[in-house]
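Please open the structure in a viewer and keep the sequence at hand.

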Amino acid sequence: MAIRNRHEKWLLRAASVPMALLALSCIYPVFFTVNNALKTNKGYILDRFGVVDAPSLENFFAAWTRSHLGDYLLNSVTVTAGAVALLLLTSSMAGFALAMLRFPYRRALFIVILASLMIPVQVVLVPFYRTMLALDLINTRIGLIIAYTAFFLPFCVYLMTAFYSRLPRELVEAARMDGASLLQIWWNVMLPMGKPALLTLGILNTLYCWNDVLISLLVLQKERTVMVGIAALRGEYTTNVPLLCAGIALAAAPIIAIYIFFQRQIVDGIAVGAVKG
């Protein structure tokens, strides 16, 4: 027994080495960004990887004022909040219908939704842009909200369908016997019970929408989101790296805080889709 316990301890120690290296590879970019954001451009050129000697917040103020990150941040908050709300509403209703109701071609529709997850965004960019241009949705926040909803909805519907499929169908039948309509069943029964999956989807979609550059760059060509604004800090020939790092730190701070606060819900919610589809 003692030999077995000793063997297990050695296995755990051996497994902790690659895990520690993986954790270091994730933490170091954050340290590198914040450390260089506190340097001057001259200090960065003289010592790119050293720890900052005299920290300065000048780059953060410059990134916020000169680069208009305040306006870009407002655009990102508005678009992200609108897209996440629309995604949660539509995916919850679709997941309830696909999981609990019986109607023709239900399985075929679900397969089509799953198949759409395999289509890369880059494949449909040209027809997507032409459609947005024809609908006069270019350079509008509502256009970007609709675009995010269209691209991220298949995954949300899949996750909500998988979650609602785990619930007993007798709940819907009992509510129907009590005279409740489908909308009342969704609002009073399914929506409260789907809060864990909805919370996970809200966090994940917030991360997706906030960090997006490609779709936002196509739709909002005049008013930028914060990530597009950060990308614009790079010069054509030279780049003020400390200023760029300060912008990245400012843009990433809200998302890092959300992820740290809700990391348990994210992990729990991701496992929902693996249980039953």
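The stops below cover a helix pair, a salt bridge, backbone angles, a surface patch and some distances along the chain.

This is a predicted model, in which local features need pLDDT of at least 70 and side-chain atom pairs count only at pLDDT 80 or more, while totals for chains, interfaces and linings use all residues. Residues are numbered from 1 along each chain as its sequence is written, and side-chain values use heavy atoms, with hydrogens and water left out.

**Helices H4 and H7**

Select residues 69-100, helix H4, together with residues 141-165, helix H7. Helices are DSSP runs (H or I, at least four residues), numbered from the N terminus. The two axes come within 6 Å and cross at roughly 35°; axes here are lines fitted to C-alpha atoms over the stretch in contact, and angles run from 0 to 180 degrees between N-to-C directions. The crossing of H4 and H7 is right-handed, a term that applies if the near helix is turned clockwise from the far one by less than a right angle. The contact of H4 with H7 is made up of 19 nonpolar residues, 10 polar residues and one charged residue. In this count, Ala, Val, Leu, Ile, Met, Phe, Trp, Tyr, Cys and Pro are nonpolar, Asp, Glu, Lys and Arg are charged, and the others, Gly among them, are polar.

**The salt bridge**

Next, select Arg-141 and Glu-223, whose side chains meet in a salt bridge with an N to O distance of 3.7 Å. A salt bridge requires a side-chain nitrogen of Lys or Arg within 4 Å of a carboxyl oxygen of Asp or Glu. Buried means under 20% relative accessible area, exposed over 50%, and partly exposed in between (1.4 Å probe, protein chains only).

**Positive phi angles**

Tyr-105 is exposed, at 70% relative accessible area. Then move to Asn-139, in the loop between helix H6 (125-134) and H7. Its phi is near 65°, again a positive value in a residue other than glycine, and Asn-139 is partly exposed at 28%.

**A nonpolar surface patch**

Select Leu-24, Tyr-28, Phe-31, Phe-49 and Val-51, which make a nonpolar surface patch of about 540 Å². Patches of this kind join nonpolar side chains (Val, Leu, Ile, Met, Phe, Trp, Tyr) within 5 Å, from residues with over 30% relative accessible area and no salt bridge. Accessible areas come from the Shrake-Rupley method with a 1.4 Å probe, and for residues only the protein chains shown count as cover. Phe-49 lies in the loop between helix H2 (41-46) and helix H3 (58-65) and is exposed at 61%.

**Distances along the chain**

Finally, select Ala-246 in helix H13 (residues 241-261), a buried residue at 0%. Its C-alpha atom is 5.2 Å from that of Phe-60, 186 residues apart along the chain.

How values were computed
Patches are made of residues with over 30% relative accessible area and no salt bridge: like charges are joined within 9 Å, nonpolar side chains (Val, Leu, Ile, Met, Phe, Trp, Tyr) within 5 Å. Helices (H or I, at least four residues) and strands (E, at least two) are DSSP runs, numbered from the N terminus.
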